[in-house]
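This report covers a predicted model.

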Amino acid sequence: MSTAIHRLVDSCRAGNDPTVVARLRSGWAVMGQRQVLTGYCLLLPDPVVPHLNALARAERDVFLSELGLLGDAVLAATGALRINYAIFGNVEPALHAHVHPRFVDEPEPMRTANPWGYDWQQAPAFDAQLHAPLRDLIRQHLLRLGATV
């Protein structure tokens, strides 16, 4: 099976994906293709697996620990109020975890809504020129946390 997650991991491995934040032990930290909330990232396992429960316990522990470290890095880099985490896999049946920074200045109706309430089609696409400084800052925080390989 080849999903968008498989293709994204292949692109990360090839070294030609500008959204890559860092290579972690469990996989790849990348910025989202749509920056619906500035600093939105994902953690992609490498190798790709169908879902969290397909990982052996030790691998799952590393993935979830690194998910938290990615959240710490995004929090520090963005100055967000908090981080929301999500793992679904219903649309793309391959494990991937979302890291959404949440901000105090979000529109009032969205402050307590989940990030999928935003209009993702209208969200800014990842732009290396615009988003590279934040991507690099998140990477620096991951380095300080000892999360990168």
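Cysteine 12 is buried, at a relative accessible area of 4%. Cysteine 41 is buried too, with a relative accessibility of 0%. Both values fall in the buried class because that class means under 20% relative accessible area.

The search of the whole structure returns zero disulfides. For cysteine 12, the nearest cysteine sulfur belongs to cysteine 41, at 12 Å. Cysteine 41 is likewise in no disulfide, and its nearest cysteine sulfur is that of cysteine 12. A disulfide needs the two sulfur atoms within 2.5 Å, so a distance of 12 Å rules this pair out.

| Residue | Relative accessibility | Class |
|---|---|---|
| Cysteine 12 | 4% | buried |
| Cysteine 41 | 0% | buried |
| Arginine 135 | 13% | buried |

Now the sheet. Cysteine 41 has a bridge partner in E5, valine 99. The strands involved are E3 (residues 41–45) and E5 (residues 97–102), which pair in the antiparallel sense over three bridges.

These two strands belong to an open sheet of five, ordered E1-E2-E3-E5-E4 with antiparallel pairing. Which strands stand at the edges? They are E1 (20–23) and E4 (82–87). Each has a single partner strand, so one side of each lacks a neighbour in the sheet. On average, neighbouring strands are turned by 20 degrees against each other, direction ignored. In general, strands of a sheet pair through backbone hydrogen bonds.

Two helices meet this sheet. Helix H2 (residues 57–78) lies across E2 (27–31), E3, E4 and E5. Its direction runs at about 145 degrees to E4. Helix H3 (residues 128–144) packs on the sheet as well, touching E1, E2 and E3. The direction of H3 makes about 20 degrees with that of E1.

Arginine 135 sits in helix H3. Is its side chain buried or exposed? Arginine 135 counts as buried, at 13% relative accessibility. A polar atom of its side chain lies 2.6 Å from the backbone oxygen of proline 18. Beyond its neighbours within four places in sequence, arginine 135 is in contact with Pro18, Thr19, Val20, Val21, Met31 and Phe126.

Notes: Residues are numbered from 1 along each chain as its sequence is written. This is a predicted model: local features need pLDDT of at least 70, side-chain atom pairs count only at pLDDT 80 or more; totals for chains, interfaces and linings use all residues. Side-chain values use heavy atoms; hydrogens and water are left out. Two strands pair if DSSP finds at least two bridges between them. Helices (H or I, at least four residues) and strands (E, at least two) are DSSP runs, numbered from the N terminus. Axes are lines fitted to C-alpha atoms, for helices over the stretch in contact, and angles run from 0 to 180 degrees between N-to-C directions. Contact means heavy atoms within 4.5 Å. Buried means under 20% relative accessible area, exposed over 50%, partly exposed in between (1.4 Å probe, protein chains only). A polar contact is a pair of N or O atoms within 3.5 Å; within protein, one must be able to donate a hydrogen and the other to accept it, and residues adjacent in sequence count only if both atoms are side-chain atoms.
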